[in-house]
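Hi,

Here is the structure for you to look over. My notes follow below it.

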Amino acid sequence: MPNTEANVLIGGEAGQGLVTLSQILTRAIVRQGYYIMVTQSYHSRIRGGHNTYALRISTSPITAPKENVDILVALNKETVQLHSGELSAGGIIVLDEALEIKNESYVSVPFKSLSADKYWNAAAVGVVTEILGLEMTGVEKVAREFFSKHSPEHVDANMESFAAGLDWMKKNDLKFAKLASAELKEPRIMVNGNEAIALGALSIGMKSCFFYPMTPATSISMTICEHAQGMGVVAEQAEDEISAINMAIGASFCGSPSLVPTSGGGFALMAEGLSLAGMTETPVVIVLAQRPGPSTGLPTRTEQGDLEFALHAGHGEFPRAIFAPGSVEECFWLTRKAFETADEFKIPVILMTDQYLADCYNSVKPFAIDQLKTIDVCVPEPIEQPHLTYKITDSGISPRLLPGFSNSCVVAHSSDELVVADSDEHTENGHLTEDLSIRAKMVEKRNRKFTGLKSVVLNPESVGPDAPDLLLVSWGSTKGSVHEVCDNLSNSGVKAAYLHFSQIWPINSDVVSKILNKAKEVVCVESNSTGQFAKLLRRETGFHIEKTILRYDGAPITPQHIMNRLELGTKDV
Amino acid sequence: MFELSDYGDYVTAWCPGCGNHSILKSVKDALFKLQLPPYRVLFVSGIGQAAKAPHYLNANVFNGLHGRSLPVATGAKLSNPNLTVIVESGDGCHYGEGGNHFLAAIRRNVDITIIVHNNQVYGLTKGQASPTSSPGFVTKAQPQGVFNEPFNPVQIAVAMKAGFVARGFSGNEEHLSELIQQGIQHKGLALIDVLQPCVSFNKVNTFGWYKQRCYMLPENYDPTDRNQAMLVADEWGDRIPLGVIYRNDRPAFEQHFPFLESGPAAIRSVDMRALKEIVKSYS
């Protein structure tokens, strides 16, 4: 019987061509209608180190990575040593004959006789294509597209190697069931979390992106840089993160919806700027792509350890919103939502992702670009003259004017249209003041935005029976794993549900309390060692979640990790 | 036609006799001479006594964080290139807290004008040494006198091939106004380091001290000669040169973004068709 699912792990050193091999396969698999989730694990180096790509392929939708490996493609000995223990029953190992690891159950490929050294990864694509039973011409087409940036001889050599790999595998009998064929119902694209954030930002009308490279946030800026000139976006590498956020604030003050992607260390440097955005009421969107800390930590691994930091970063009191996408698709939509929220309330908004989601590729529906709205920074209605940058209003939101413009983005023509913003406490017209009664009024004005923010909060996704025996609570990137665990538990008769937060600040405590109180047992699942989100929920709702499932070794929370903790009571790592 | 009074007249919080008054006057005079509409000018400042200056004139203002005025100005100018962006802050703000931004801004060469009120001391925090304080300068924070070699902003700027490098003196308002006008008209980053006395906290570098030492660069001085400019920029102590010390015609940073010609970000529409193609490329 054909397999409906396969988990392929490709491992080797950086520089061995893993990326090419994985990307060709991934792309071809998506085009052939399968669902796929690709997770990456890599060392913080350019050459060498141990790197893996895990391709979970299925004929039906999947939301999380899997730990057991069905096909291990080992490009070096280390991969075999490190991952052979993860092999599922009936799983196989594909490796180079030259590695001289003798085992009857291994598929030893004579790469040397199939292709020249530098084309071996094309041969490997051929081998795996045949093992999985992918439609050959489809893979060939993707491979050709992929290699087309090289010279014609290279393309031919690569394609010959591909065919040689495929033929060799055909001739060798293998006791591994091929994948059931999939049906492509609608076209899908293949993006990772960071690319989805970049595309989301472009789609809402982001006009500037300032950054200092930092793993795992870098690929957001790189994706934006790639399309910046064509999309009319200023993408600039700043001298440091302090500069990046201040540039974004300056740009936003003048009418550019602005993005600053960073990771924990860079975000720490941005704390003062975050507070500046709060005080000057300048919209700005910060992406905080988390990695394990403290300090430099594990640069290329994952964690959700910066929640409390994001909640409290920046001196003084000011309203903010924090979103945490739970999937690649949500990365796109919540980036848009982050920009809309920042623009509407004139506040800093933080989007929290992590290395796992940042690098996680997923096949998703192409975002319906035609139907999307962009941010319009031009104030349509005539402005009050003289303009008051910080006019006190019931909502706390003051009508916004851009320097150099009149309403409707007509060029300014009067000194009643001056825009004055100040990091000092200020009067309504933006000039600094030390009048304590004005200070109090301004504090209250800024705080009033919080009421509005609460009224538009994204409530958590509550899935499962109304009064479950087990309620799993999660936030951000762990959604897919929690979802899968709930499905599995429900299928085996457990009354399980989950409550997932994609907006983690503010929280609508009434709504959340009700759901928490109905469950027999509540377990909070998060990637940190102290249960930061469980603590936040306790503070906001009074509900004490006693049981947590945590992970802090730098690896993502998988369904299996959760199941082991639930069923076997294994310890957190 | 704008009158000088259109640029505002406000009561300041500065000490009587402070060089800031003269610098403010020169700034307003320069705006007036250039007939710049106040609503098309954006002043960006940091924190310090000098950084309060934009509050005392009529223009758009972003008074941000200590040391961070240059990044804000960079973002602002790239967002709306039609604005005349002027950065005004002190020596502590630009050369101390914001040192990295100062170097990066010179390299980047965005079309902004930096006016640095350089009084060689921290005024707002009451008299600590600044990056330009002379060795031996005694303060409560440096009771044994400053140990460090002073930062020479003008020479650094020349060394880094800044497009426009000038030094003015608050005691010569007309000359300073001219320098500011030239700086604003220069396409690219212009640095105008302005020497000024601090009557409360710097009893060494007084008005008289500067007056005695400052001299005007001669008419025939060629500011495009960089080797000569390096030597002139090195002059300090008994004789301090004033004027445009160095200039070149490096292209302004904005020129690398052709789409900026189609107008400020606020009115630039998003090319959804192009985006659709980009999304398609991920299939």
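The contact between the chains takes 47 residues from chain B and 60 residues from chain A. Keep in mind that this is a predicted model.

On the side of chain B that touches chain A, the elements giving two or more residues are β1 (41-45), β2 (60-63), α2 (69-79), α4 (99-108) and α9 (272-280) of chain B. The most comes from α2(B), with 8 residues. By type, this side of chain B splits into 28 nonpolar, 13 polar and 6 charged residues.

Strands also pair across the two chains. Strand β15 (residues 420-422) of chain A runs parallel to β2(B), over 3 bridges. A:Asp422 has B:Asn63 in β2(B) as its bridge partner.

Next, the packing. The largest nonpolar core has 243 residues. A:Val73 and B:Ala76 have the most contacts inside it. Helix α4 (residues 120-132) of chain A gives the most to this core, with 9 residues. There is also a second, separate core of 9 residues, which includes B:Val121, B:Phe137, B:Val146 and B:Phe201.

B:Ala76 is worth a look. Setting aside neighbours within four places in sequence, its contacts in chain A are A:Gly250, A:Ala251, A:Phe253 and A:Cys254. In chain B, they are B:Leu42, B:Val44, B:Phe62, B:Leu83 and B:Val85.

Last, helix α9 (residues 241-253) of chain A. It has 13 residues and reaches 18 Å from its first C-alpha to its last, close to the 18 Å expected. Of its 13 residues, 13 are buried. Just after α9(A), A:Gly255 takes a positive phi of about 105°.

Best wishes

Technical notes:
Residues are numbered from 1 along each chain as its sequence is written. Chains are lettered from A and ligands numbered from 1 in the order in which they are written. This is a predicted model: local features need pLDDT of at least 70, side-chain atom pairs count only at pLDDT 80 or more; totals for chains, interfaces and linings use all residues. Helices (H or I, at least four residues) and strands (E, at least two) are DSSP runs, numbered from the N terminus. The expected span of a helix is 1.5 Å times one less than its number of residues. A residue is buried if 20 or more other C-beta atoms lie within 10 Å of its own, exposed if 12 or fewer, and partly exposed in between; C-beta atoms are placed from the backbone. A nonpolar core is a set of buried Ala, Val, Leu, Ile, Met, Phe, Trp, Tyr and Cys residues joined through C-beta atoms within 7 Å. Two residues are in contact if their C-beta atoms, placed from the backbone, lie within 7 Å. Ala, Val, Leu, Ile, Met, Phe, Trp, Tyr, Cys and Pro count as nonpolar, Asp, Glu, Lys and Arg as charged, and the others, Gly among them, as polar. Two strands pair if DSSP finds at least two bridges between them.
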